[in-house]
Amino acid sequence: QLLKGEQVRRQMHNRIQELRGNIRVFVRTRPFLPGDQQTSDSSIEVSPDGESLSIADKRNGSPHDFRFDKVFPPSAGQDQVFSEVSDFVQSALDGYNVCLFSYGQTGSGKTHTMQGSGNGAMRGIIPRAVEQILDQARTSRAQNWEFKMSASFLEIYNEELKDLLSSMKQKVSNQSNNAKLAIKRSKEGRSFVDGLTEVAIETEDSDAGMRQLEALMAVAARARSVASTKMNAQSSRSHSVFMLHLRGYNKDNGAIMEGTLNLCDLAGSERLDRSGAATDAKRLRETQAINKSLSCLGDVFTALSQRSSHIPYRNSKLTYLLQDCLSGDGKAMMFVNLSPTRLSSGESLCSLRFATRVNSVELGKAKKHIQYNSRK
Ligand code: ADP
Ligand code: MG
């Protein structure tokens with residue numbers, strides 16, 4: 001009995017060790033925009049090697065230095081950002097549970113990074129990831145692999161889940177579309193959302209697949225609950241999670257590969273006062289729910305980095321939902337989005353400190369190299 005306990009503990013330890021190597025933090029500073037109160041004089045300086053940055057303290061101007069896996073300067077375009085992400089997307093095709101987060105204050109570029117806009121150069125990670133998977137599905141057909149893909153899109157608002165694609169579901173019964181969604185664990189120990197709409201995306205014809213994606217993004221945009229705050233009329237007070245379920249089947253040897261890619265646009269991380277958001281009870285409740293789930297996410301990363309034997313996944317819907325990506329051989333990547341203005345430097349510093357809980361490398365130490373072990 002004791003031996004078994006020790007074995008389990010050791011196994012757990014190894015898996016957490018492995019996961020630590022599979023968490024990456026990228027920082028992206030957006031450029032100045034016409035709406036910013038200042039239009040130059042950034043509080044943030046990115047090092048030429050793209051791995052560290054310096055931010056000036058608002059009060060005394062003294063610099064704070066940070067080093068991360070990657071730091072993108074304001075000039076970095078959507079294509080450059082995606083080229084650093086495509087390995088992660090590939091991991092989902094290789095059978096891993098993969099999650100990307102975008103974290104930062106409202107207006108810092110989270111949605112721009114994840115979703116982007118239009119269907120050209122400004123497209124973000126979601127359409128580029130789907131495109132990459134469709135390309136890959138086409139080339140692997142030559143090796144007799146057949147890939148199926150389906151998408152779900154949900155929102156977590158005030159610790160409640162909302163299906164953003166429920167209007168696309170064919171009604172099979174008179175069950176209400178608004179029935180409360182619950183996160184459950186499958187027999188295999190995987191998290192899933194009971195009753196969540198899954199829309200199949202055509203993998204035989206890439207153009208058709210991309211059109212389906214556009215259509216479902218439009219449906220989700222309509223379904224999202226957005227409330228205006230002083231900072232950003234489109235400010236999102238909820239987390240959104242775009243999920244791709246991938247399943248490959250090899251017609252030669254019957255091998256099956258299953259992976260998921262979760263793209264998570266987190267609610268604004270700003271503290272209460274600046275947005276003036278807490279003037280009524282509803283806003284206050286929202287902000288408390290956001291703070292709670294973001295701090296739960298931080299707690300999970302801290303527990304992982306301290307190799308704690310208890311990881312508090314169950315403390316928030318977000319971490320419980322994404323538990324498979326945050327444990328075992330899951331892979332997680334956090335984008336920390338920053339605004340360059342001096343007015344935002346206090347929030348930026350908070351975001352960077354949050355990020356160091358996720359994954360920090362002390363300045364002056366060798367950069368670690370992470371190798372992907374492709375699963376066969
Ligand atoms: P968030 O989702 O964090 O609230 P958004 O992604 O909506 O922020 O970005 C706020 C505004 O800044 C949007 O108009 C967006 O198009 C613009 N923006 C953000 N990042 C960039 C960037 N890297 N390049 C150009 N415009 C950007
Ligand atoms: Mg947004």
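Analyst: The dialogue below takes a few features of this predicted model in turn.

User: Let us begin with the whole chain. How many helices and strands are there in the chain?

Analyst: The chain has 10 helices and 14 strands. Of its 376 residues, 39% count as buried.

User: What share of contacts in the chain between residues at least 6 apart in sequence join residues at least 24 apart?

Analyst: That share is 69%.

User: Next, I see a record for this chain. Which residues does the UniProt annotation "binding site" cover?

Analyst: According to the unreviewed UniProt entry, the annotation covers Gly 104, Gln 105, Thr 106, Gly 107, Ser 108, Gly 109, Lys 110 and Thr 111. Such annotations may be inferred rather than shown by experiment.

User: Is Gln 105 buried or exposed, and why?

Analyst: A residue counts as buried if 20 or more other C-beta atoms lie within 10 Å of its own. Gln 105 has 25 such atoms within 10 Å and is therefore buried. Its place is in the loop between strand 6, residues 97-103, and helix 4, residues 110-114. Setting aside residues up to four places away in sequence, Gln 105 touches Gly 268, Ser 269, Glu 270, Ser 339, Ser 344, Glu 347 and Ser 351.

User: Where is Gly 109, and what is it in contact with, leaving aside its neighbours within four places in sequence?

Analyst: Gly 109 also lies in the loop between strand 6 and helix 4. Gly 109 is buried because 22 other C-beta atoms lie within 10 Å. Beyond its sequence neighbours within four places, Gly 109 is in contact with Arg 28, Arg 30 and Asn 337.

User: Which residues come nearest to ligand 1?

Analyst: Among the 13 residues around ligand 1, those that come nearest are Arg 30, Gly 109, Lys 110, Thr 111 and His 112. Helix 4 supplies the largest share of this shell, with 3 residues. Sorted by class, the shell holds 2 nonpolar, 9 polar and 2 charged residues.

User: How does one describe two helices that pack together?

Analyst: One gives the angle between their axes and the distance between the axes. In this model, helix 8 (residues 281-305) and helix 10 (residues 345-358) pack at an angle of about 40°, and their axes are 7 Å apart. Helix 8 is therefore oblique to helix 10. Gly 298, Phe 301 and Thr 302 of helix 8 make the contact with Phe 354, Arg 357 and Val 358 of helix 10. By class, this contact has 3 nonpolar, 2 polar and 1 charged residues.

User: How far apart are Arg 342 and Ser 42 in sequence and in space?

Analyst: Arg 342 and Ser 42 are 300 residues apart in sequence, yet 6.3 Å apart in space from C-alpha to C-alpha. Arg 342 lies in the loop between strand 14, residues 331-338, and helix 10. With 18 other C-beta atoms within 10 Å, Arg 342 is partly exposed. Not counting residues up to four places away in sequence, Arg 342 touches Gln 38, Asp 41, Ser 43 and Lys 58.

User: Where is the place of Ser 140, and which residues does it touch, not counting those up to four places away in sequence?

Analyst: Ser 140 is in helix 5, which spans residues 125-140. Beyond residues up to four places away, Ser 140 touches Trp 145 and Phe 147. Ser 140 is partly exposed, as 16 other C-beta atoms lie within 10 Å. Ser 140 and Gly 248 are 108 residues apart in sequence and 9.6 Å apart in space, C-alpha to C-alpha.

Notes:
Residues numbered from 1 in each chain as written. Chains lettered and ligands numbered in written order. Predicted model: local features only at pLDDT ≥ 70, side-chain atom pairs only at ≥ 80, totals over all residues. Helix = DSSP H or I, 4+ residues; strand = E, 2+ residues; numbered from the N terminus. Buried ≥ 20, exposed ≤ 12 C-beta atoms within 10 Å, placed from the backbone. Contact = placed C-beta atoms within 7 Å. Near = placed C-beta within 6 Å. Nonpolar A, V, L, I, M, F, W, Y, C, P; charged D, E, K, R; others polar. Axes fitted to C-alpha atoms, helices over the stretch in contact; angles between N-to-C directions. Parallel < 35°, antiparallel > 145°, perpendicular 65-115°, else oblique.
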